[in-house]
Each structure stands twice: as structure tokens, then as C-alpha cells.
Amino acid sequence: MPTMADVARTAGVSVATVSHVLNGTRPVLPHTRQAVLDAVDELGYTPNTLARSLVTSRTRSIGLAVSAISNPYFTEILQGVEAGALEHGYSLLIADPHDDPEHERKVVQLLHERRVDGMIVAPSANPRELVAYLTRHEVPTVFLDRVVEGAGSVEGRPGDADPPSGGPRRFDQVCAESTRPMADLVTHLAGLGHRRIGLVAGLPGLSTTAERIAGYRQGLTAAGLPHDPQLIVHGDSESAGAEVATAALLALPTPPTALVTANNTMTIGTLRTLRERGLSVPDDLALCCFDDFAWADLFAPRLTAIAQPSREIGTQAVRLLLDRLATPDRPTRTLRLPCAFVHRTSCGCAETGEYGRPAPRSQSSQSKGTVS
């Protein structure tokens, strides 16, 4: 089996240079780097990961903790994380916290005990113990999809650095825009003549739930419509919960004429309840949803939706984590990526052949999102 010394001899460089190329511990001239990589390929050299971790205290592994991995949205995030990790020579250890704060802390502790170099976590609705554990053990961590208030840099102050030693630890975060895209769905339905628009919201306590409720209310205000608290129900981010929540909206003395669902699994639950009641979309009830998914275009009618850049969220989370590992004292960043308004027919619009268009605010956003 070829050794690092064999690679160094073939490439005509020192063993230390080979180590720097393979471990990314020091910049190496491009032609030297390429010579080392060519020698690795020629000899079929495989690094001894265990031995390297004992020397460097790095395992080149990332812990990923996301709930509902079976959800297509999180599956695409996982694909983005995996692609970003593999591109930089990192492996993944994956755990499902089940959106349960106690289980969340346990699985994060287990990942930490596996000596991962850093973590990427979609935090639960009550991440207090999670944040406390990560802070106490100084684990480099990126929060994705759901942001934790006070965990990142202060909004509107992109130059803020991490607080002094002894202060609360802050974390890098990456998510999609939620408020403005949700407002766009509501104003779109209002523009079609709807005056009672119901919202099937997610699990209380999640930042995505709060932001989408805020966007819903902004949309009503922009359309000059009153806020009726009865038109907001919580489906708890699950299909079964959305079935119950949709039934509650339909049971109102004056039920809504249009619905907005706040994630893809709740869209399925809402559609199931509407079918059981014999209601047709959009003839009896218009429907728009937050989250696009692969088969949304196959429904009859085709679902008008907000498409999140889920795979990009995953790859950007890896980028933020690797930046943190390379420069532990760098300022924290909260990265928000633009969504797209996918205009189909479940909202009641005629078939146009237009697959999708950026949500209004997102048209001016950069491809890498906005940093706060």
C-alpha cells in the first residue's frame, strides 16, 4: 500500500507539502498542489483517516441534525450538505432530532462524542438546551432553515463580530427568505378577489412559522384586508396536523375562500381534507403553498407555490461551517437566500405555461442571498 512518503517522492516534494495539500492546512502553489494530486491518483494513495485525526485532532467529518429527513425539502437540503461536504473531503454523520428539544440535545451530544469537526443543525422550536450544550463545548455550528433569535450577528449590522469570551456564543445561520414570499402569496390571492384567506401555519416556536405568519399579515395589510385571528390555524408542520387545522377552517361560520399552507407536508394534509369533503381546487377553494416539491406540477390543478432553494441552503451551510473552522474568530453571518414564486393553477389562474418567476423582492437579491 503506497504511503505519504511515496506520494512525496513521486511528486518531487516534501512529505510536509503532501500533508498540507491533503489536509488543507497551508496554502500551496497551484502547480505543486496539482503535482501532489496527480501522484495520489497515480499511486492510488488512500489517506489513513484515523491516524490523521490523531495527529491533527480533526476527523474531517460533519454532524448533520435535521428532523423529518423523509420530508422532500429536508432531503434536498441533505443532498446539498452532502455535495458540499464531499467536495471538500468531509464525511457526514446524520441524526434525526424529531423536532423534540430533549432528543435534539441527545443526538447532538452523540454526534459531538463522535468527534465531528463541526455541526449543521436545524434547531427545534425550543433550542435552549441545544444552544447551551453547543456553547458550553464550543462546538463550531451552523443553524440552517430555522434561525435562533440572538444566535447570529445582529440584523442590520453585518460587521458585528462574536462577543468577547465569556459572553453568549453566536452561530452562523442560513435559511430562505420567508416573510416577503408569504406576503406575495397572500397579495396574489387578494388580487384574484379573495377576501377571506386562511393560513395553515407550522409548529409554534419555529422561526419559519413566525416569519410566515408575519408575511401573511403583511400581505393582508398590503391588500387592505382585515386580520381575522380565526383564519390562522396551526398544522404543526405535519400532514396529520394540517388535516385537523383545515377542517377547523372549513367549520367556521364564514369559511375562507382561499388557503395558504406553510410547508409541503401540510399541503398534503390540506389536500386530503379537501378531497374528503368533496371540495375541488380551485373551483371551491383556491390554494397556494409554501414549499415546492417534485410532484407539485403533477397535481390537477398544478400547485402554485413558493420554491425554497433547499439544496443551496445545504451547500451554503457547509461553506459557512468550513469558513468557521478555518477562521474561528471571524464575524458571524446570517445568510438568507431568495425564493421563487412558482405560478401554476391551484390559485385559480388560467394555465399560462409559465413555470415560475422570482418572488418580487427576490428579483433584486444576489444568488448567494443577503447577509446580516
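Here are some questions and answers about the predicted model shown above.

Q: How many helices and strands does the secondary structure of the protein chain come to?
A: The protein chain has 372 residues, and 50% of them count as buried. Among contacts between residues at least 6 apart in sequence, 70% join residues at least 24 apart. The secondary structure comes to 12 helices and 14 strands.

Q: How many residues of the contact of α1 with α3 are nonpolar?
A: From α1, the residues D6, V7, T10 and A11 take part. They meet A35, V36, A39, V40, E42 and L43 in α3. These residues divide into one polar, two charged and, for the nonpolar group, seven.

Q: Is the crossing of α5 and α12 left-handed or right-handed?
A: The axes of helix α5 (residues 72-87) and helix α12 (residues 310-326) come within 7 Å and cross at roughly 40°. That angle makes α5 oblique to α12. As for its hand, the crossing is right-handed.

Q: How many residues of the contact of α5 with α12 are polar?
A: On the α5 side, the residues include Y73, E76 and Q79. On the α12 side, S310, R311 and T315 are among them. The contact divides into seven nonpolar residues, two charged residues and, for the polar group, six.

Q: Is A258 buried or exposed?
A: A258 lies in strand β8 (residues 258-261). Among the residues that A258 touches are L189, I197 and L285. Buried means under 20% relative accessible area. With a relative accessibility of 0%, A258 therefore counts as buried.

Q: How far apart in space are A258 and H194, C-alpha to C-alpha?
A: H194 is one of the residues that A258 touches. In sequence, the two are 64 residues apart. In space, the C-alpha to C-alpha distance is 6.6 Å.

Q: Does H98 count as buried or exposed?
A: H98 lies in the loop between β2 (91-95) and α6 (101-113). Its phi is near 60°, a positive value in a residue other than glycine. Exposed means over 50% relative accessible area. At 53%, H98 therefore counts as exposed.

Q: Does D291 count as buried or exposed?
A: D291 is not a glycine, although it has a positive phi of about 100°. D291 lies in the loop between β9 and β10 (304-307). Its relative accessibility is 4%, so D291 counts as buried.

Q: Is the peptide bond from V281 to P282 cis or trans?
A: P282 lies in the loop between α11 (264-276) and β9 (286-290). For the bond from V281 to P282, omega is near 5°. This peptide bond is cis.

Conventions:
Residues are numbered from 1 along each chain as its sequence is written. This is a predicted model: local features need pLDDT of at least 70, side-chain atom pairs count only at pLDDT 80 or more; totals for chains, interfaces and linings use all residues. Side-chain values use heavy atoms; hydrogens and water are left out. Contact means heavy atoms within 4.5 Å. Helices (H or I, at least four residues) and strands (E, at least two) are DSSP runs, numbered from the N terminus. Ala, Val, Leu, Ile, Met, Phe, Trp, Tyr, Cys and Pro count as nonpolar, Asp, Glu, Lys and Arg as charged, and the others, Gly among them, as polar. Buried means under 20% relative accessible area, exposed over 50%, partly exposed in between (1.4 Å probe, protein chains only). Axes are lines fitted to C-alpha atoms, for helices over the stretch in contact, and angles run from 0 to 180 degrees between N-to-C directions. Angles under 35 degrees count as roughly parallel, over 145 as roughly antiparallel, 65 to 115 as roughly perpendicular and the rest as oblique. A crossing is left-handed if the near helix is turned anticlockwise from the far one by less than a right angle, and right-handed if clockwise. Lists of a residue's contacts leave out its neighbours within four places in sequence.
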